[in-house]
Amino acid sequence: MTLEIVLVVAGALFSIGLFGVLARRNIIAVIMSLELMFNGVLVAAIGFSRFTAPAALVGVDGAITESAVRSALTGHMFAVFVISIAAAETALALALVFAFFRAKQSVEITDATDMKN
Amino acid sequence: MSGAFDSGPIATLAFFVASAITIASAIIVVTQRDLVRAVVALAMSFVGVAAIYFILNAEFIGVVQILVYVGAISILIAFAVMFIGDLANAGTLSQSRLVSAVSGVLMLASIIFVAYNTDWTAIDEVNDPDAVAGLVGHYEVTGGSGGENSIVVAGNDVEDSRGGALVDGSSHIGPALIREFVLPFETLGLLLIAALIGALVVIRGRQEDDAQEDDAA
């Protein structure tokens, strides 16, 4: 298990999500593919956090300060914030889907043409 | 990419199994014509990603992943699928199917190319066991007389450690949230409130219009 393998798995998730976002016509399916892309990015962030140590911890021997350990968790903090924002984004996106369905009686992404031209 | 950060064959095997489950479920999500089945595959994929987090020593993120993604977002999307119920042509793929497939493959190829052709020299330096002395191995937090607590390394035995960059990272996430990351944390709370109110406004807006029209009539 190396950083490269983790990045390949993250890239595979991201690419599958990208295909879904471009190929699907149902808006809910597009949102599901977006979640896959989020997860791909997060796996990459956690992978970097796991296989690297920040500069604050290099060359320290014996006792290391607590703030240095906390700065080693930047990748984890990134994941916490992205997960929270993804949850907010999904709630808002599904509200928009409901509003769109109420206006158009459709969830096809090709029907969202009100602002075209 | 070896030495201090090796996690042993069992963790590697578990990582590959979790990755296979995740990627297979993700492929089902983007190809399945039945949206309800796609949601179930999406939840499965989230569970696989949570397993990857656990294997990568991110226990707290794994728990949050299961709580938020599997427990909340999957259910929210399943709710939307069943509420809207426009499943007749849910599986239709757009006409740009070929372009989408080419984009996905090109993206994956470029990520693999970058991952294997980048010289992760800086990371390799840090992977030196001497450089991360104190990170690999067991350490404990001792109460300081004032100011910051210091963390004393109990042992640097690489063989005996879990081989993680942080043996016990979860207990430091809370202090980090209210010290180094307090401003983003509070901003996040504001964002969540704004998103929830926004979702309510978007959902309810038309109903209020209808009510006003009913009153006028």
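Start by selecting A:Phe98, B:Phe79 and B:Phe83. These three residues form one aromatic cluster. Keep in mind that this is a predicted model.

How many aromatic pairs does the structure hold over all chains? The count is five.

Select B:Phe15 and B:Phe16 next. Their ring centres are 5.9 Å apart, and their planes stand at 70°. An angle over 60 degrees counts as edge-to-face, so this pair is edge-to-face.

B:Phe16 is partly exposed, at a relative accessible area of 43%.

Move on to B:Phe46 and B:Tyr69. Here the ring centres lie 4.7 Å apart and the planes make an angle of 50°, so the pair is tilted. B:Phe46 sits in helix H2 of chain B, while B:Tyr69 sits in helix H3 of chain B, so the pair ties together parts that are 23 residues apart in sequence. Both B:Phe46 and B:Tyr69 are buried.

**The nonpolar cores**

Select A:Ile28, A:Met32, A:Leu36, A:Val43, B:Tyr53, B:Ile61 and B:Ile77. They belong to the largest nonpolar core, which has 60 residues, and they have the most contacts inside it. Which helices supply at least two residues each to this core? From chain A, show helix H1 (3–23), helix H2 (27–51) and helix H4 (74–104).

Zoom in on A:Leu36. Leave aside its neighbours within four places in sequence. In chain A, it is in contact with A:Leu13, A:Ile16 and A:Gly17. In chain B, it is in contact with B:Ala26, B:Val29, B:Val30, B:Leu42 and B:Ser45.

Next, find a second, separate core. It has eight residues, among them A:Leu73, A:Met77, B:Phe181 and B:Leu188.

**Chain B as a whole**

Trace it from the N terminus: the elements run α-α-α-α-α-β-β-α-α.

Of the 217 residues of chain B, 35% count as buried. Chain B exposes about 11900 Å², and carbon and sulfur atoms supply 66% of that.

Last, display contacts in chain B between residues at least 6 apart in sequence. Of these, 54% join residues at least 24 apart.

Key:
Residues are numbered from 1 along each chain as its sequence is written. Chains are lettered from A and ligands numbered from 1 in the order in which they are written. This is a predicted model: local features need pLDDT of at least 70, side-chain atom pairs count only at pLDDT 80 or more; totals for chains, interfaces and linings use all residues. Side-chain values use heavy atoms; hydrogens and water are left out. Helices (H or I, at least four residues) and strands (E, at least two) are DSSP runs, numbered from the N terminus. Buried means under 20% relative accessible area, exposed over 50%, partly exposed in between (1.4 Å probe, protein chains only). Contact means heavy atoms within 4.5 Å. Accessible areas come from the Shrake-Rupley method with a 1.4 Å probe; for residues, only the protein chains shown count as cover. A nonpolar core is a set of buried Ala, Val, Leu, Ile, Met, Phe, Trp, Tyr and Cys residues joined through side-chain atoms within 4.5 Å. Rings of Phe, Tyr and Trp (its six-membered ring) pair if their centres lie within 6.5 Å; planes under 30 degrees apart count as stacked, over 60 as edge-to-face and the rest as tilted.
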